[in-house]
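The following note is meant for a colleague who is meeting this structure for the first time. Please read the points beside the sequence and the 3D view.

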Amino acid sequence: MPNGDDRDIELLRRAVALADAARARGDHPFGALLADGDGTVLIEAMNTCGTVGDRTGHAERNLMTEASLKYDPAFLATCTMFTSAEPCVMCAGAVYWAGVGRVVFGLSERRLKALIGPDPENLTMDLPCRTVFRAGQRKVEVVGPLLEEAAARVHDGFWSGLSG
């Protein structure tokens, strides 16, 4: 499903809404959720860099920590992570190690880097998650970018250098 289906779009919209909620509470604007094979939302997570002060508190890593504590890898292999932005290297690693089988993302890492620029709060790397997953020994399906304009709007005016 290179373009995603209606359920993917609906759940991705929810991840973007979580990113907006993260921003509203003082965190970086990123959100993610985990859904089972039927599309039932199991866990939602937001970025916690601002409110907790953990620079590794990305929404996707937070989600994967909770998921790996709650579910076994065989079940997670049937699940999808929906995320407002493409998982960074750290978050892609967390997805891989937790055992999630599929990722659907909104904003690409390359576009995010162009939006943010050299902001010290998020020195984004231009390394696609597909590249990270290909280096592994098991398959992780990736769909995205989808809804990229909507996912980018959450960042308007947030990072230094953005005119909004």
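1. A word of caution comes before the details: this is a predicted model, and the points below should be read with that in mind.

2. The largest pocket holds about 220 Å³ of space. Of the 20 residues that line this pocket, those closest to its centre are His58, Cys88, Glu109, Asn122 and Thr124. Two elements, α5 (89-98) and α6 (109-116), each give two or more residues to the lining, and α5 gives the most, with 3 residues. Sorted by class, the lining of the largest pocket comprises 11 nonpolar, 5 polar and 4 charged residues.

3. The second largest pocket has about 160 Å³ of space, and the residues that line this pocket are His28, Cys49, Gly50, Gly53, Arg55, His58, Pro120, Glu121, Asn122 and Leu123. By class, its lining has 3 nonpolar, 5 polar and 2 charged residues.

4. The buried residues are Cys91, Ala92, Gly93, Ala94, Val95, Tyr96 and Ala98, and what covers them includes α3, α4, β3, β4 (102-107) and α7 (129-134). Just after the helix, Gly99 takes a positive phi of about 105°.

5. Helix α3, at residues 59-70, has 12 residues and reaches 17 Å from its first C-alpha to its last, which is close to the 16 Å expected at 1.5 Å a residue. Its buried residues are Ala59, Glu60, Arg61, Asn62, Leu63, Met64 and Ala67, a list in which the charged side chains of Glu60 and Arg61 may be worth a look in the 3D view. These buried residues pack against β1 (31-35), β2 (41-46), α4 (73-76), β3 (80-85) and α5.

6. Strands β1 and β2 run antiparallel and are joined by 5 bridges, with Leu33 standing opposite Glu44 in β2. The two strands form a hairpin with 5 residues between them, and Gly39, in the turn, has a positive phi of about 90°.

7. Where does Leu12 lie, and what is it in contact with? Leu12 is placed in helix α1, residues 6-24, and is buried, with a relative accessible area of 0%. Leaving aside its neighbours within four places in sequence, Leu12 is in contact with Phe82, Thr83, Val104, Phe105, Gly106, Leu146 and Leu147. The C-alpha atoms of Leu12 and Ala151 are separated by 9.2 Å, although these residues are 139 residues apart along the chain.

8. The loop between β5 (141-143) and α8 (148-153) contains Pro145, and the peptide bond from Gly144 to Pro145 is cis, with omega near 5°. Leu147 also has its place in the loop between β5 and α8, where its phi is near 50°, a positive value in a residue other than glycine. Is Leu147 buried, partly exposed or exposed? Its relative accessible area is 22%, so Leu147 counts as partly exposed, given that buried means under 20%.

How values were computed: Residues are numbered from 1 along each chain as its sequence is written. This is a predicted model: local features need pLDDT of at least 70, side-chain atom pairs count only at pLDDT 80 or more; totals for chains, interfaces and linings use all residues. Side-chain values use heavy atoms; hydrogens and water are left out. On a 1 Å grid over the protein atoms alone, a cavity is a set of points where a 1.4 Å probe fits but cannot get out, and a pocket is an open set with protein on both sides within 12 Å along at least five of seven lines; lining residues have an atom within 4 Å of a point. Grid points are joined across faces, edges and corners, and a volume is the space filled by probe spheres set on the points. Helices (H or I, at least four residues) and strands (E, at least two) are DSSP runs, numbered from the N terminus. The expected span of a helix is 1.5 Å times one less than its number of residues. Buried means under 20% relative accessible area, exposed over 50%, partly exposed in between (1.4 Å probe, protein chains only). Contact means heavy atoms within 4.5 Å. Two strands pair if DSSP finds at least two bridges between them.
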